[in-house]
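Welcome, and thanks for taking a look at this one with us. Please have the sequence and the 3D view open side by side as you read the briefing.

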Amino acid sequence: MAEIKVPELLLCPISLEIMKDPVTTVTGITYDRESIEEWLQQKSNKKDCMCPVTKQPLPTDPHFLTPNHTLRRFIQGWCSANQSNGVDRITTPRSPLDNSQLHKLLTDLDAPRTFQTSLNKMHDLATQSQRNRNFMAQQPVPKAMVQFITTTFKQGETSGVEEALRILRLLWRSTSSSSSSSSSPTGGGGGTNMKPLVGETLDFIKSLTWILQLPIIDNDLNMVNEAMQILKLTIEITDSTLLGSLNHEFFKQIVSTMTRLSKSSSSSIPQNALKSALHVLIETCPLGRNRTKIVESGAVGELIELSMDKPTEKNLTELIFKMLGQLCSCAEGREEFLKHPAGIAVVSKRTLRVSAATDDGALHVLWLISKFSATNEVVQEMLRVGAVSKLCMVMQADCASYLKQKATDILRFHSKAWNNSPCIQLYLLTRHPR
């Protein structure tokens, strides 16, 4: 197929892609609406907003953008004429979302007969464009979604929960960015700050934990995936004192959900949800007695099983080993780690096979075990499953000097016990003196 040369007139000066909804600024330059509105949002808290092309002053209020209908019709005609060459057809953009439309949807949310339709329409609007998400984030939509989720928790109802979670996740980033700006991308005031809505008590976290307890029907993990991602975002902005007071049941539910996800026959969703769950554990682990609570919830064994069960994404493996390193920092965590028959073998196998971050976590675990929990049986197991030979490989590999030093330390800890092993060469123990 011959390469199609797109006329420059059709391209947005910011995205350099064919414009879907061309609008003209007061400086006379035409941009794609989504690109210029994103530009204006980024500049909305700065005194001097300049046109990207002319460098002339530009109002940050999108109401000063004028739809270029003539150019839009020309673009649609050109795209239609070149559809046979693989050019996608450009549809007529929908009318911008306004206050009255959104107010009606929020009103319908309170009625038993219309709430599901209202949620579906709001979800569709949120997925249509960044402009809609920015506008909805400026309105009470995030607050309405939080209230809807907490109310369903109190009533024990599940209808509409998945849609409400999706809407909240879509708006979360827009809510965070718009709340830090002095003016909204739609001409309104400052956006909603999520922390007062979800981060000052544990009520919303309890609601999300309840959702995670719901049975998975027909292997449909969408609700669990949405709830876990929202839980991760909520944990990130919740006061650390509150997070330090989380109870055992919370951590048991996170670990239980990880177990259910790991046994799922699905592929993409469990990976996303598992990463969110690990982020939750990593964020909360150092606070209060959470480390012990997580260990008592069976997390160590589950993490080892996760790295054994199926091939995982690189960053998922990195999170698993980071979490193992945190849990093995306490005696209870090391005890649980050594109870698992494959613990040392899994850590050894993953070393030098995934990434530098995984190597960091793996060597930290081995260092903690070797220094604080190394019985004669453990020392011999490290030799038997190949951990000692892997440490020698680390010292010869092209990796960070601090990792080599950790490997050296571990080998020195038990050099007498391993001295007769064929995988240990004397110079490896002496070429890196203390």
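Leaving aside its neighbours within four places in sequence, which residues is Q253 in contact with? In this predicted model, the partners are T209, L212 and Q213.

**Q253 and its helix**
- Q253 is found in helix α12, which spans residues 248-262.
- With a relative accessible area of 11%, Q253 is buried, because buried means under 20%.

**Nonpolar cores**
- The largest nonpolar core has 103 residues.
- Residues with the most contacts inside this core are M122, M145, I211, L231, I254, F337 and M382.
- Helix α10 (residues 222-237) gives this core its largest share, eight residues.
- Another core, of 17 residues, lies apart from the largest one and has L10, C49, L65 and L71 among its members.

**Helix α18**
- Six of the eight residues of helix α18 (residues 343-350) are buried, so this helix is largely enclosed by the rest of the structure.
- Those buried residues are G343, I344, V346, V347, S348 and R350.
- Their cover includes α15 (299-309), α16 (314-327) and α17 (331-339), together with α19 (356-372), α20 (376-384) and α21 (387-396).
- After α18 comes L352, whose phi is positive, near 65°.

Conventions: Residues are numbered from 1 along each chain as its sequence is written. This is a predicted model: local features need pLDDT of at least 70, side-chain atom pairs count only at pLDDT 80 or more; totals for chains, interfaces and linings use all residues. Side-chain values use heavy atoms; hydrogens and water are left out. A nonpolar core is a set of buried Ala, Val, Leu, Ile, Met, Phe, Trp, Tyr and Cys residues joined through side-chain atoms within 4.5 Å. Buried means under 20% relative accessible area, exposed over 50%, partly exposed in between (1.4 Å probe, protein chains only). Helices (H or I, at least four residues) and strands (E, at least two) are DSSP runs, numbered from the N terminus. Contact means heavy atoms within 4.5 Å.
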